[in-house]
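Please open the structure in your viewer and keep the selection tool at hand. This tour moves from one stop to the next, saying each time what to select and what is there.

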Amino acid sequence: MKISHDWLTDYAAPGLSPEALAETLTMGGLEVDGIERTGPSLEGVVVGRVERVRPHPDADRLVLCDVALGESGNGTPDEPAQIACGAPNVAEGQHVPVASVGTELMLPDGENGGERRPVTIEAVELRGERSEGMICSAHELGVGEDASGILVLEDDARIGQPLAEYLADRGAAPNDTVFNIDLTPNRPDAASHLGVARDLAALTDAPLERPAVELPQEGGETAEAVSVEIEDAAACPRYAALLVRGIENGDAPAWLKQRLTAIGLQPRNAVVDATNFVLHECGQPLHAFDFEHIRGDRIIARTASEETTLTTLDGTERTAPPGTLLICDAERPVAFAGVMGGRNSEVSRATTDVLIESAYFAPSRVRRAAKALGLSTDASYRFERGVDSDGQVWAAARAARLIAEITGGAVVEGLVDERPQGPPEPRRVRFRPERANAVLGTDLSASEMGRLLTSVGIEGRDRIHDDAGGFSCVVPTFRPDLTREEDLIEEVARLHGYDRIPAPAHVPLPARPPREERTRSLRRRVRELLAGAGLREIQTNSMLSKPRAQRFLAGENGDGARGETGVVETLKPISEAMAALRPRLLPGALDAMRFNQNHGQETLRFFEFGHVFRRSSQREATVPGYAEHEALLVALSGPAQATGWDDASGDEHAADFYDAKGVVEHVLAHLGADGVEMEPFGAEADPNVAYGLRLSTAGGAPLGVVGKVDEEAAAGLEHDVFAAELRWGTLAEAAAPRRERRYEPPRRFPAVERDLAVVVPEAAAAGAVRRTVEEAEGAPLLREARLFDVYAGEGVGDGRKSLAFELRFQAEARTISGDEVDIEFERIVSLLADEHDAELRG
Amino acid sequence: MPEAPDAVETLRREIEAETIESEEEAEAFRIAYLGRKRGKIGALFDRIPDLDPEARPAFGKAVNALQDDAQAKLEAARERLADEEGDALPELDLTLPGRPPAPAGSLHPLVETLDEVSGIFERFGFSVAEGPEIEDDWHNFGALNFPPDHPARDMQDTFFLEKHENDESDERLDVVLRTHTSPMQIRVMEEGEPPFRVVVPGRVYRNEALSYKSYCLFYQVEGLYVDEGVSMGHLKQTLALFARSFFGDDVRTRFRPSYFPFTEPSAEMDVWWETADGAGQWMEILGCGMVHPNVLEHAGVDPEQYTGYAFGMGIDRVTMLRHDITDIRTLYENDVRFLRQF
């Protein structure tokens, strides 16, 4: 919302610079988030008097003027400056605006269609004669249109006075400062210059000068000329109307146009400009109808029962849904109430009689209408926030008077003021000074708080004689936001100054044991672990297009069993790319990989923690119908980053399945998540993962998958992508809490190591073979079995492969013998032969 | 035998001509010139008694100076030798780079900032709660004192989701992507008894066009403290201390009135942010206030007995500020050339 400094200070003038004034408003709750200067800069332009005019000896079209410019500080007038001038109207004795040497003017460029360019006035020689400055026309200064000659000022102009000051003294200041106020929705009272002035006056103790307006009496000639009926009093609690007749609707006077242009409004004609002026003066939206076009001399406020089409003032045909409040004449709608008037009754330059509407419309009804019409106007903005429910007559009378004054019309005596439910009861709110001090942490006296409340119009503080005590305060009608004690406490706080609320030396801490969710503490550890292992953390968009979401939804991934059924769609997203929520993290990681590949990165090692979403048939969810969980994604593609300069630095093979599985196992081991089951699966199970392992916890809860990303899903990427996506909550749950780990002293008796190489069918799963070894019954001394070699080829036979394990045997409390080891070793070999068709490699 | 003064000069020249290239030569030099018994300088001292009494002081002084110079030459040589000895290098080229245990990884600056902010409040005794990103209207708006059809709802461009089929009638069950982390205020209060002292880090959503300054989602940290006797002074102090911890001890903050439906009084905190060219401006970094009594009532907490404060801070913005990032989309693009800088 734009507020003009000059306009504002018509009502409250605390004598502050614009910057200090902005600071005061900001710290008082009306945040000024921009300060803009309007109008030309007249810095350096002063009033001079032409003392002498003589012809230029060497130029017919120029004269030389001696111009007195006053004094520059030493108390005696300076020598007059010699200035060459080509204007036809220059004459001795004139007071004129002079741009002194060094002044920068935005001069119209004759060759460039009058576009203005900065020019610095310098002392020059013109055909052998000095010229020290420039006598300016109104057009050159940007303060008027007249370019035919120099601007001649009034004779009482003070020589040496800055021109800006001279103009301001005459109510025609060409410069203004405009504040852009970021008005919060709770402050409709401040949506006008008077409203802001009220706060400014309260914050600075400056007096508030509200224009005096003589309020008309209800009835009279006006009531005979026009009738108003309110059919829907809930939507339109009040409708006041005034008539001005016999106007000549030309341009508004310059001062009025200047007020409007300063705040960014386009002047139209005197009547419209006057109603706009009053709207921005006091916050009450007004509408002016051409009374000749109000059929039947009747106004009816009624709620539409069907769709209504009306061409609004902006020339657009608009259709409002049933339920919209309409302003109608005897035959047809003439306005969408509170939003915009109709073209059919618009005021034009030919208008002679004007009907001024000043109403109170219910905020929620205007809001719904404005939304349905897709139209937000200065009027709807104020109505939906709630205008002063008692300010209608003042505003109408102010506008009528102004219109009459500037158009030569006459205000018709009397007033129509329909208010079916009568004036509203004044709202009373209990206020307890002790409570205010307790909430704010202040130590203000009751009388000081009373003074602060009074400064913004909160009056009538009667003591309440009940247990709670306190005072009963009467809230002014222009403050619909003040409904509870806390609202008054805020008024006290902001008027006293938030910066004056003391910061206590101690802040209390409730006696509660501090807790941290494991999902959080472990997440931090795993992030560090993965970054330490060479992965980069990414943050991808939760949103994607619907087809992509559909594609990545597929694959039951252990989720189907939970009733997680479909993609989550957003309603009315502003772009297709935001039409759905990610069902898993993988698509975001693939996007990040593509982006980086396109920017020359080959090594792609990413991880991300994030929420994923699905529709769900379960009703017990936090939000019924939706399933959401946090996932951990790891995705690898492309060659490993070269880290060293010699062979021992490791190879740079492209990431493969075992790299991804290795990262997962690294995480599981770090978390102490023992007993995680890994079930191989092939292409059928998940269209996004060509093959991989399905993980579940020792307790059987689905944990996620690790595998090779389907090539179509990874389209556009040069190297295969391997990824794991795990349910973070389940994994954190499966982690063995460190504090529950118990120390087991190392065994003191020596261990015996044996290598076991067996030849098994090529299709035998190494994991299953290893499990047989590890779980072998009858081999209680076996402590560890580590697979250290896999070999297929010469010497092991076709269709066979060799698996080599390092076995470690050890007893708890004694030294074991070679014989004992032999017995267990043979038992393992025979179990492997039975279960895996294994034979010892010779 | 030369005259005594000449002898000093001769010896000086001799000493100056000596070179000391090893520890052995150094020792030989010491014995030859500075040795107590047979040193050549000592021998000059021995000649003093033979001189004229007037000549003795000048001669003694000259010999002393020579002794100091010889001593200095010896020490300088030994120091140089000790340095040179240290330079005896093994066969390895020690200047080759080390072999890292793994290639460099990185942590995302947004998550790091989110953790840092939450961490500071954890040290102030706040617990951490995390909540769902899909919320119902009641927790995101209604319980937080956003009336239906109220302009306050325009402050947040909301993503709506399809309502669960059976709940068409109940407006409270409209489904949204949370527009702030504040719904967790309600969930936390619904699930326990006061006091509550908790921060909520998390992702929130706004249905806005993407540009350098707005993205469809961002991170917030919400804070809530409800207890007996909590005041706005406590809020101010806690946030001022937070700012000093996060931005540095010399940070300037200001606290000014604002509006949020769920707090009353409401405030915003600005920090004075200086740019490289020395210019500065107030930057709004968080919104806060005393928990609105309607909110406490909605969550089943008696507002007469308990008061509380709440605050919410955008994480993307401070991350951008502190790292000189000017386009918010950079944070979600995952360019390795960006990631590797953190």
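This is a predicted model: local features need pLDDT of at least 70, side-chain atom pairs count only at pLDDT 80 or more; totals for chains, interfaces and linings use all residues.

Residues are numbered from 1 along each chain as its sequence is written, chains are lettered from A and ligands numbered from 1 in the order in which they are written, and side-chain values use heavy atoms, with hydrogens and water left out.

**Stop 1: salt bridges between chains**

Select Arg432(A) and Glu304(B), which form a salt bridge whose closest N and O atoms are 2.8 Å apart (a salt bridge is a side-chain nitrogen of Lys or Arg within 4 Å of a carboxyl oxygen of Asp or Glu). This pair crosses between chains, since Arg432(A) sits in the loop between β25 (427–431) and α12 (433–440) of chain A, and Glu304(B) in the loop between α9 (293–298) and β10 (307–314) of chain B. Helices (H or I, at least four residues) and strands (E, at least two) are DSSP runs, numbered from the N terminus. Arg432(A) counts as buried because its relative accessibility is 10%, whereas Glu304(B) is partly exposed at 48%; here buried means under 20% relative accessible area, exposed over 50%, and partly exposed in between, with a 1.4 Å probe and protein chains only.

Next select Arg527(A) and Glu112(B), another salt bridge, with the closest N and O atoms 2.8 Å apart. Arg527(A) lies in helix α15 (residues 518–532) of chain A and Glu112(B) in helix α5 of chain B, so this pair also joins two chains. Arg527(A) is buried, with a relative accessible area of 2%, and Glu112(B) is partly exposed, with 31%. Now widen the selection to the network of salt bridges that links residues including Arg527(A), Glu112(B), Arg524(A) and Asp115(B).

**Stop 2: one helix of chain A**

Select Lys661(A) and Glu665(A), which both lie in helix α18 (residues 657–671) of chain A, four residues apart, or about one turn of the helix. Their salt bridge has its closest N and O atoms 3.9 Å apart. Glu665(A) counts as partly exposed at 38% relative accessibility, and Lys661(A) counts as partly exposed at 22%.

**Stop 3: buried polar groups**

Move to Ser802(A) in strand β41 (residues 800–809) of chain A, a residue that is buried, with a relative accessible area of 0%. Which side chain does Ser802(A) join by a polar contact of 3.2 Å? The partner is Arg841(A) (a polar contact is a pair of N or O atoms within 3.5 Å; within protein, one must be able to donate a hydrogen and the other to accept it, and residues adjacent in sequence count only if both atoms are side-chain atoms).

Then select Arg582(A), in the loop between β32 (580–581) and α17 (586–598) of chain A, where its side chain reaches the backbone oxygen of His611(A) at 2.8 Å. Arg582(A) counts as buried, at 3% relative accessibility.

**Stop 4: the surface of chain B**

Finish with Glu79(B), which is placed in helix α4 (residues 56–86) of chain B and counts as exposed at 57% relative accessibility. Select Leu89(B) as well, in the loop between α4 and α5 (109–123) of chain B; Leu89(B) also counts as exposed, at 69% relative accessibility.
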